[in-house]
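User: I'd like to learn how to read a model like this one. Could we go through it feature by feature?

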Amino acid sequence: MEEVRNKFVAIKGHINGAPSESDFEIKTETISLPAIRNTSKEYYVIVKNLYVSVDPYQLNRMKAQSSSQSAISFAAPIIPGHAIDTYGVGRVVESGGRSDLAKDELVAGLLTWGEYTVIAAEEEGIRLLNKLDADEALPLSHYVGTLGFSGLTAYGGFYKVCKPKKGESVFVSAASGSVGSLVGQYAKLFGCHVVGCAGTQQKVDLLKEKLGFDDAFNYKDETDLNSALKRYFPKGIDMYFDNVGGEMLEAAIGNMNTFGRVAVCGAISEYTGGGRGASLDMLDVVYKRITIQGFLAADYLNCYSDFISTTTDHLRNGKMHALSDIYHGVETVPLAFIGLFRGHNIGKMIVQIAN
Ligand SMILES: NC(=O)c1ccc[n+]([C@@H]2O[C@H](COP(=O)([O-])OP(=O)(O)OC[C@H]3O[C@@H](n4cnc5c(N)ncnc54)[C@H](OP(=O)(O)O)[C@@H]3O)[C@@H](O)[C@H]2O)c1
């Protein structure tokens with residue numbers, strides 16, 4: 001029987017503020033090959049992880065308590081010392097008797113922040129593991145973000161939650177990030193007027209010069225977000241794609257047009273407990289008849305094939321750009337993760353675990 005060593009990332013204890021490297025540890029376990037038979041539940045699938053996703057929502061799973069943890073199985077609490085599941089792309093080492101998977105085939109689904117993922121038949125994650133028919137003209141890493149859950153989030157959030165009409169104005173926060181950079185590009189292709197905000201001048205330049213945003217600004221340079229938005233949207237905002245919550249959400253509500261829509265994708269400024277929660281002017285919401293809708297990417301799985309075909313076409317034709325920030329090696333996962341909360345990434349934060 002062959003044995004492989006598997007290095008994986010775990011949290012040492014619950015994280016209730018901003019994460020730091022000392023909150024994490026790299027653990028090692030031994031996995032026996034071929035797959036260990038589980039007599040009651042038939043099989044284990046073993047996947048060698050190639051690219052894994054690094055996402056802000058994981059921080060809410062690492063807290064001792066968060067309202068998100070009981071909402072959906074993806075957001076279940078992370079147990080200190082245990083492997084951490086995440087979306088990713090890998091190669092099948094053992095198909096574990098699953099007839100739809102073969103050794104060496106590429107798969108996408110719920111993997112781990114580790115070198116290997118071992119999935120038992122009864123685990124919910126097994127249902128999400130699917131053969132990946134990757135377009136060879138595109139980098140494999142695209143399937144972790146742009147053609148994975150970040151992309152579906154942007155697509156579902158923009159087309160289904162914002163319900164855009166041509167010529168309307170869109171404001172996107174965390175606009176150079178994984179989801180935001182795609183929302184802005186979908187909105188431009190659709191025929192909207194798009195303004196984004198981001199945390200550095202380099203990011204602002206990229207939004208305007210590479211991604212085709214009509215305008216962009218560095219929110220850290222603004223002392224009054226409300227008047228900044230008035231400047232960038234003299235005729236008001238029709239749709240706000242909110243990735244950050246907090247004070248930016250307050251300012252956006254203050255600048256919305258009648259019957260405006262707010263797609264609440266995330267609230268990263270509130271995850272670390274550093275910023276204050278949004279306190280909305282509810283009279284604005286009432287009198288301007290603003291729709292504020294939270295959503296999850298999983299709500300739009302029924303759009304998945306449309307999303308993949310549309311986005312793949314745009315990428316192949318050069319109409320969209322997929323931005324990725326790729327770290328290398330399982331040991332870099334904590335650094336990559338922490339970087340999300342410090343604005344270090346441009347585009348999708350990914351760790352390449354193996355070639
Ligand atoms: N609803 C869903 O299904 C779903 C799915 C995926 C993601 N999300 C949410 O969408 C948002 C974006 O996720 P992502 O994966 O695309 O991450 P991302 O935007 O690629 O990375 C996070 C970015 O957020 C910005 N940021 C960090 N702390 C901030 C703060 N205190 N205030 C303002 N901006 C801050 C930073 O950019 P700057 O330099 O601009 O500050 C950072 O680069 C998150 O809130 C996430 O939880 C929701």
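**Helices, sheet, ligand and domains**

Analyst: Let's start with two helices: the axes of α2 (residues 149-162) and α9 (residues 304-316) come within 10 Å and cross at roughly 105 degrees. That makes α2 roughly perpendicular to α9, a label for angles of 65 to 115 degrees, while under 35 counts as roughly parallel, over 145 as roughly antiparallel and the rest as oblique. Keep in mind that this is a predicted model, where local features need pLDDT of at least 70, side-chain atom pairs count only at pLDDT 80 or more, and totals for chains, interfaces and linings use all residues. Residue numbers run from 1 along each chain as its sequence is written.

User: How do I read a helix pair in general, and which residues of α2 and α9 meet?

Analyst: Two packed helices are described by the angle between their axes and the distance between the axes. Axes are lines fitted to C-alpha atoms, for helices over the stretch in contact, with angles from 0 to 180 degrees between N-to-C directions. Helices (H or I, at least four residues) and strands (E, at least two) are DSSP runs, numbered from the N terminus. Here Gly 151, Leu 152 and Tyr 155 of α2 meet Tyr 304, Phe 307 and Thr 311 of α9; contact means C-beta atoms, placed from the backbone, within 7 Å. By class, this contact has four nonpolar, two polar and no charged residues. Nonpolar covers Ala, Val, Leu, Ile, Met, Phe, Trp, Tyr, Cys and Pro, charged covers Asp, Glu, Lys and Arg, and the others, Gly among them, are polar.

User: What is the strand order in the open sheet?

Analyst: Strands pair if DSSP finds at least two bridges between them. The six strands run β10-β9-β8-β11-β12-β13, with parallel pairing. β10 (215-218) and β13 (291-294) stand at the edges with a single partner strand each, so one side of each has no neighbour in the sheet. Neighbouring strands are turned by 15 degrees against each other on average, direction ignored. Take β8 (residues 169-172) and β9 (residues 193-198): they pair over four bridges, with Val 172 opposite Gly 196 in β9. Helix α4 (residues 201-209) packs on the sheet, touching β9 and β10, and its direction makes about 175 degrees with that of β10.

User: Which residues are closest to the ligand?

Analyst: A residue counts as near a molecule if its C-beta atom, placed from the backbone, lies within 6 Å of it. Of the 31 residues surrounding the ligand, the closest are Gly 177, Ser 178, Gly 199, Gly 266 and Gly 343. The largest share, three residues, comes from α3. By class, the shell has 15 nonpolar, 14 polar and two charged residues.

User: How far apart are the centres of domain 1 and domain 2?

Analyst: Domain bounds come from an automatic or database domain assignment, which gives domain 1 (2-145 + 322-352) and domain 2 (149-298). Their C-alpha centres lie 29 Å apart, and 18 residues of domain 1 contact 19 residues of domain 2. The ligand shell draws at least three residues from each of these domains.

Conventions
Two residues are in contact if their C-beta atoms, placed from the backbone, lie within 7 Å.
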